[in-house]
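Thanks for coming, everyone. Please look at the screen, and I will walk you through a few places.

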Amino acid sequence: MGCSSTTTYSRADYSNAEIRAIEIKNIAKNLEEKPVYSLWKAWLLKNKDVAASDLFNDCVNYCADLYARACESDDYINAFRYCNTLKIVAPEKVEKISCDKYFDNTYSFTANTIPEDEHVKISRFLNGTVTIWINLGVKVERGLGYANRVIGSGFFIGKDGWIITNYHVIADTVDPSYKGYSRLYIKLFSDPDTRIPARVVSYDKSLDLALLKTEIDAPYTFTLGSSTSLDVGDTIYAIGSPIGLNSTITSGIVSSFDRKVMSTASIIQIDAAVNAGNSGGPLINKKGEVQGIVFAGIPDYQGLNFAIPVEYLKTVLPRLFNCSNKVTDTDEKIIIPQEIHSSWIGAYGKTYKLQGDPKGRGVQVLYTMPGGSCDLAGIRSGNIITHINQKKIASVEELQNELIALPPEMVTTLTIRIAEAVNQKDTNKMLSYEKPIYLAIRPEYPGVQMRERDSETHLMYPFLGMKLKPASAKKRSQCIVDSIVKGSIADESGFSKNDSVTVKATELSADKNFLLIEFFTKKRKSGYLDVNLMVGAPMDSPLFF
């Protein structure tokens, strides 16, 4: 496989009347299934001709009707999606609608509070934690049957039985490919022998969080605090059931922040002793305020322990809880486990900094996926994203946090600046412009979707941080390194600008989370000797947004 520059996806040419007619037909066809996306696509071509303008008006009216229905059913998440979208693409038509209810509490959890002057024993918080016990029946190995179970931890956030845990603890119970026996129970600290039935309400794979419900009154409910006041060296406490040892408390310190173990979230590293079974338990301070959610047992990080900052839970909790009103039977009130997703706009980039200045000034787009939101919106490589939904961002991490906070399948705005003029104060305003952008559902492995839509030449940039260009018109299979992103896989693998590179073969791993890339290359750092090299690229990255 060579460095062909032929893509597998091409953007519709709206200047062509025939292509425009086909696009209008497709948008109208998909309106019921993808109302917000269809409205956004109609907005992109609304000024092209009368038919496009009529289609746009139809889409506006349809989404306005869906907004009204969502409000009537107290479906605040979808009401926010339609409201925010309509205010951006059709403000003159929806002056009276409001998104305010989305920003109110959409859940009514009452937590126990500790007076400031009260002497607190950490042991009192054990009553708010549970052991999660998942019975998966019997596993047969070599003709012998073994009890198959998963043990984790959780903690109450609502008096009427609402529990938080990790997604990976309950993954088997919501995995559609798992066809075996599965029953979910909890055990209280005060009664470790009784299994109390519980059920999964909703979950977020990317943040490894899940919301459970059990039909009992919680003996203690935790307050969701903050991790922003924590500093390296501060004391923390972890509560959980390591390897099934019910309600164990361990203490330690914060070792570090901003670890990139997850693709979209920066997490806390701790040195408190945790083991398999601790996952899903609370990380608390001396007052019992939850500062993080512990997760344990990451194969590549043996001996290191982590916690998800509680801010991520607080951000997605309204959406997790909003799923509790989705039932299969209105009489039985059976809750269907719902997956919630993060948003993405189909791009790869890095924090933009001026030379000699460590402060981030936005996010520089280095690559846009063909057919993705950024590509369709006309955002190009080199553009700087400075705001999303009118909120200023300084780094990739801040952009990811905002994409987590905003529900997917809605339209928001990006403020864009041209990279070459960011430091020219007198021209900044002239070179800034606002773009309505559709927030798509972030795939489990974004790189797989990129690979389906683009050529190997272009993909080496987002996958490895190595921008390639053909060596010559006659040698299309041979490429030259045009630029290298500092700190990228290509940089760490010793590639340099002007190295000769040919992509010989690529192979996606069975679980689709990793791509093996075989190169034939002549690297400057290797004395331009002929080298066959194998490099691995993850199919998800904190730099995909």
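Start with Asn 166, whose side chain reaches the backbone nitrogen of Gly 280 at 2.8 Å. That is a polar contact: a pair of N or O atoms within 3.5 Å, where, within protein, one must be able to donate a hydrogen and the other to accept it, and residues adjacent in sequence count only if both atoms are side-chain atoms. A polar atom of the Asn 166 side chain also lies 2.9 Å from the backbone oxygen of Asp 208.

A word on the source: this is a predicted model, where local features need pLDDT of at least 70 and side-chain atom pairs count only at pLDDT 80 or more, while totals for chains, interfaces and linings use all residues. Residues are numbered from 1 along each chain as its sequence is written, and side-chain values use heavy atoms, with hydrogens and water left out.

Where does Asn 166 lie? In the loop between strand E3 (162–165) and helix H6 (167–174). Helices (H or I, at least four residues) and strands (E, at least two) are DSSP runs, numbered from the N terminus. Asn 166 is buried, with a relative accessible area of 0%. Buried means under 20% relative accessible area, exposed over 50%, partly exposed in between (1.4 Å probe, protein chains only).

Next, helix H4, residues 76–89. H4 has 14 residues and reaches 20 Å from its first C-alpha to its last. That is close to the 20 Å expected at 1.5 Å a residue; the expected span is 1.5 Å times one less than the number of residues. Why is H4 largely enclosed by the rest of the structure? Because 10 of its 14 residues are buried. Among them are Ile 77, Phe 80, Tyr 82 and Leu 86.

Now the cysteines. How many disulfides are there? The count comes to zero. A disulfide here is a pair of cysteine sulfur atoms within 2.5 Å. Take Cys 59: the closest cysteine sulfur, in Cys 63, is 6.7 Å from its own sulfur, so that is too far for a bond. Cys 59 is buried, with a relative accessible area of 0%. Cys 374 is buried too, at 0%.

Last stop, strand E1, residues 129–141, which holds Lys 139. Is Lys 139 buried or partly exposed? Lys 139 is partly exposed, with a relative accessible area of 35%. Lys 139 and Gly 180 are 41 residues apart in sequence. In space, they are 10.0 Å apart, C-alpha to C-alpha.

That is my tour. Over to you.
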